[in-house]
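Thanks, everyone. Please look at the screen, and I'll walk you through the fold.

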Amino acid sequence: MADTAIELRVVAKDRPADGVVTLALARPNGGRLPDWAPGAHVDLVLPNGLTRQYSLCGDRWDARTYRVGVLREPAGRGGSAFVHDELAVGDAVGIGGPRNNFRLVPSERYLFVAGGIGITPLLPMVRQAEMLGADWRLLYGGRSRTSMAFLDELEPYGDRVTVVPQDEQGLLDLGTWLSGEDPDTKVYCCGPAPLLEAVEERCAGWRRGLLRTERFVARDNGAVRDEPFELELRRSGVTVAVSPGRSVLDAAGAAGANVLSSCRQGLCGTCETAVLDGVPDHRDSILDDDEREAGDCMFVCVSRSRSERLVLDL
Ligand code: FES
C-alpha cells in the first residue's frame, strides 16, 4: 500500500483547460506540508480507494498547499473520472510522498518540452529556472489552445515560451528544436508516449544525461526474462524462489519483508530497493541508462533478475 501518512482536504478545484482540473490540497488545520522540488509527484489516495500519481504543479515555496493537475482520461481505469466527476472541495484525500524521479539538475540552459498534461512537472521547473537566472525555453504542444492548461501562468515569460496548438500549427517541430546536442543544455520532456519516443529518437546519439523524461504510462520493456531465480533478503535472513509469474515485490512480501508500493507499474518510485548482489533486470520507466548500469537499486514491483541469484537489502 502507498504511504498515506498525510490526510489532506481539497481546498479548491478549478478547470484551467478543457478536460483538465486542478486540485489545491491542504492539511485540515492549515499546517505545513513536506517540502518538495520541481519534478516531484505525490500519490493521491482517493476516497474510493484508488491511488494515482500526479506531479506537483503549484508553487514550491507555498509550504501549506499542494496543487496537482488531472487530465480526464476516457480510457483510464477510473481515477481521473472520479477526480473530475466526484471529488469535491472539502473532501478528504490521502497523500503519499512527495517523491522525485525527475529532478532538475544544474545547467546553464534548459529546453523543456511538454505535451498536453505533461506541462504539470515542467511548470515548477520553468519557475525555478527563471528564478536561478538560467537560460531556458519551453516548447509546449497540445491538441488545441483550449485544451492546454496554464497558458495564463506562462504568458509573463513572453518569447521564452513557444505554444504550439496542433489544430493551428501541427506537431512540435522537434527537428529544429533538437537539431543537435549542446553539452550546456539539458532537455526535460514530459507528455504522451509518442512525444517521448520522438524526442528520445532525436536525442539517441547524444551523450548521456542531456535528456531526461518523465512517463505517466509505463514503458513497453519487451518480454520479461521468465526463468525462476533465487531471492535473498539479506536483512531478514530469508531466501525464496521467485517463479516466472510472481513479482519480486510479492515474493518479498510473502517472505515477511515490508516494502511500500503504490503504482505497481514501475512508474512512481515507491518500491525502490537497494541491490546488494546479482544483476537486476530493470523493467521500470524511471531509471536512466547510467542508473541502470550501476545496478545498485531496483523497483521491485516490476523489475526482476538477470542473474540466478539476487540479493536485496530487505
Ligand atoms: S510501486 Fe511504483 S515503482 Fe514500484
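Which residue of E6 does Glu-7 stand opposite? Glu-7 faces Gly-94 in E6. Before I go on, two housekeeping points. This is a predicted model, where local features need pLDDT of at least 70, side-chain atom pairs count only at pLDDT 80 or more, and totals for chains, interfaces and linings use all residues. Residues are numbered from 1 along each chain as its sequence is written.

Now the sheet. Strands, labelled E, are DSSP runs of at least two residues, and helices, labelled H, are H or I runs of at least four, both numbered from the N terminus. Two strands pair if DSSP finds at least two bridges between them. An open sheet of six strands runs in the order E4-E3-E6-E1-E2-E5, with antiparallel pairing. E4 (51–55) and E5 are at the edges with a single partner strand each, so one side of each has no neighbour in the sheet. From one strand to the next, the twist averages 40°, an angle on a 0 to 180 degrees scale between N-to-C directions of axes fitted to C-alpha atoms.

Take E1, residues 6–17. Four bridges link E1 to E6 (residues 92–100), antiparallel. Six bridges link E1 to E2, also in the antiparallel sense. There, Lys-13 stands opposite Leu-23. E1 and E2 make a hairpin with two residues between them, and Gly-19 in the turn has a positive phi of about 80°.

E2 also pairs with E5 (residues 66–71), antiparallel, through six bridges. Leu-25 has Tyr-66 as its bridge partner in E5. Is E2 enclosed or open? Five of the seven residues of E2 (20–26) are buried, so the rest of the structure largely encloses this strand. Buried means 20 or more other C-beta atoms within 10 Å of the residue's own, exposed means 12 or fewer, and partly exposed is in between, with C-beta atoms placed from the backbone.Next, helix H6, residues 193–202. Leu-195, Leu-196, Val-199 and Arg-202 are buried here. Down the helix axis, the buried residues fall within an arc of 125°, so they line one face of H6. That arc is taken from the directions between the helix axis and the C-beta atoms. Pro-194, Glu-197 and Glu-201 are exposed on the other side. The buried residues of H6 pack against E7 (109–115), H5 (174–177), E10 (185–190) and E11 (211–214). Contact means C-beta atoms, placed from the backbone, within 7 Å.

Last stop: Val-126, in helix H2 (residues 119–131). Val-126 is buried, with 26 other C-beta atoms within 10 Å. Leaving out residues up to four places away in sequence, Val-126 touches Phe-112, Trp-136, Leu-138 and Tyr-157.

Notes: Contact = placed C-beta atoms within 7 Å.
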